[in-house]
Structures are given as C-alpha cells and as structure tokens.
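Take a moment to turn the model around and look for its helices. Then let us walk through them together.

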Amino acid sequence: MNEIDLAALPAAERDNVVRGLERVARQVGAVQSGVLDSIDRDGLYAEDAYWSAKTMIRHLGQLSNVEAMHRDRVARALRDLPITRDSYRRGDIGDCQVRRLARTWANPRVRELLVDAEAHLVDIARTESYQWFADAVTHRDRGPLGKAI
C-alpha cells in the first residue's frame, strides 16, 4: 500500500484509515523497542563487535544519535513499565506518550512515583490529548509543593 485516495472515502472511513495507520505505526514502534531490549539483554551486540545495543541499532538502522538514544531509553523504561509496554504493543498509546514516560522514568528521583502512577497515566494517554497527558506526567514530576524534585 503506497497511496490511499483519501478524498474518495467518506469522512468516517478516512478517520478509520488514519487511526488504523497510527495503530500499526505504534505497534511497529513497540516491536522495535522489544528487539532493542532483546539485543541488549542477550548481549547480541557484542557478537557483532558493537559497544552496545544502542550502537548496533544506530548503525544497522542508520539512525541519528538522538533517535537511537530515545529508542534505548524507551526499551529500558518498558522493563519497569509493563502497563505502558502492553498498551504500546496493542497500539493504544503512541511513541510520543511512551517517550514522555521514558524521559520521566530516566530520572531516578521520580522513577518510583512514575511506576506507582503508571496505570493512571496510561489511562490518560489512551483517552486524552497529548498535551493533557504531558501536563499530567509533569505534575507527577513535581514534589509536594510543586517544586521540581
């Protein structure tokens, strides 16, 4: 499928095409995270003389350093965030939401808070706009008086 003539479709079908493509892209992202995690956990990168799983996917996937870093962070975070991992695999939440959660997870001062709030935040990610979700995650990043911890 290279092209879709969206103009030829009724509005409801166009919406379904866009949502369906987004779900597939999300599922592909989840598979990519799983592959990176397997490469890392099993040490497969060393067999091919790479320094790390991140280096291996950066090279083989012709990725930028930033993209490889994001994917590596997501793969590591998903080890501790099973609800997020499962929702991502189903395509219920997207790369933006998963990357935002992974960025918060990377902060060891709030990691436990995130793990405790994961189900609530994933529910928001499934049903609300990205901005509302991001604001909810940012609120979780704050201490009792709203100061960054």
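Predicted model: local features only at pLDDT ≥ 70, side-chain atom pairs only at ≥ 80, totals over all residues.

Let us begin with helix α1, which covers residues 11-41. At 1.5 Å a residue, its 31 residues should span 45 Å, and the C-alpha atoms at its ends are 45 Å apart, so the expectation and the model agree. Some of this helix is tucked away: its buried residues are R26, G29, A30, S33, L36, D37, I39 and D40. What covers them? The cover includes α2 (44-47), α3, α4, α5 (82-90) and α6 (95-105). After α1 comes G43, with a positive phi near 65°.

Now for two helices that meet each other. Two packed helices are described by the angle between their axes and the distance between the axes. For α3 (residues 53-60) and α4 (residues 65-78), the axes come within 9 Å and cross at roughly 135°. Because of that angle, α3 is oblique to α4. Their crossing is right-handed. On the α3 side, K54, I57 and R58 take part, and they meet N65, A68, M69, R71 and D72 of α4. The residues of this contact divide into three nonpolar, one polar and four charged.

Helix α4 has another partner, α6: their axes come within 9 Å and cross at roughly 75°. The two are therefore roughly perpendicular to each other. Here E67, H70, R71, R73, V74, R76, A77 and L78 from α4 meet V98, R99, A102, R103 and W105 from α6. By class, that contact has six nonpolar, one polar and six charged residues.

Conventions: Residues numbered from 1 in each chain as written. Heavy atoms only, no water. Axes fitted to C-alpha atoms, helices over the stretch in contact; angles between N-to-C directions. Helix = DSSP H or I, 4+ residues; strand = E, 2+ residues; numbered from the N terminus. Parallel < 35°, antiparallel > 145°, perpendicular 65-115°, else oblique. Left-handed = near helix turned anticlockwise from the far one by under 90°. Contact = heavy atoms within 4.5 Å. Nonpolar A, V, L, I, M, F, W, Y, C, P; charged D, E, K, R; others polar. Expected span 1.5 Å × (residues − 1). Buried < 20%, exposed > 50% of the residue type's maximum accessible area, 1.4 Å probe, protein only.
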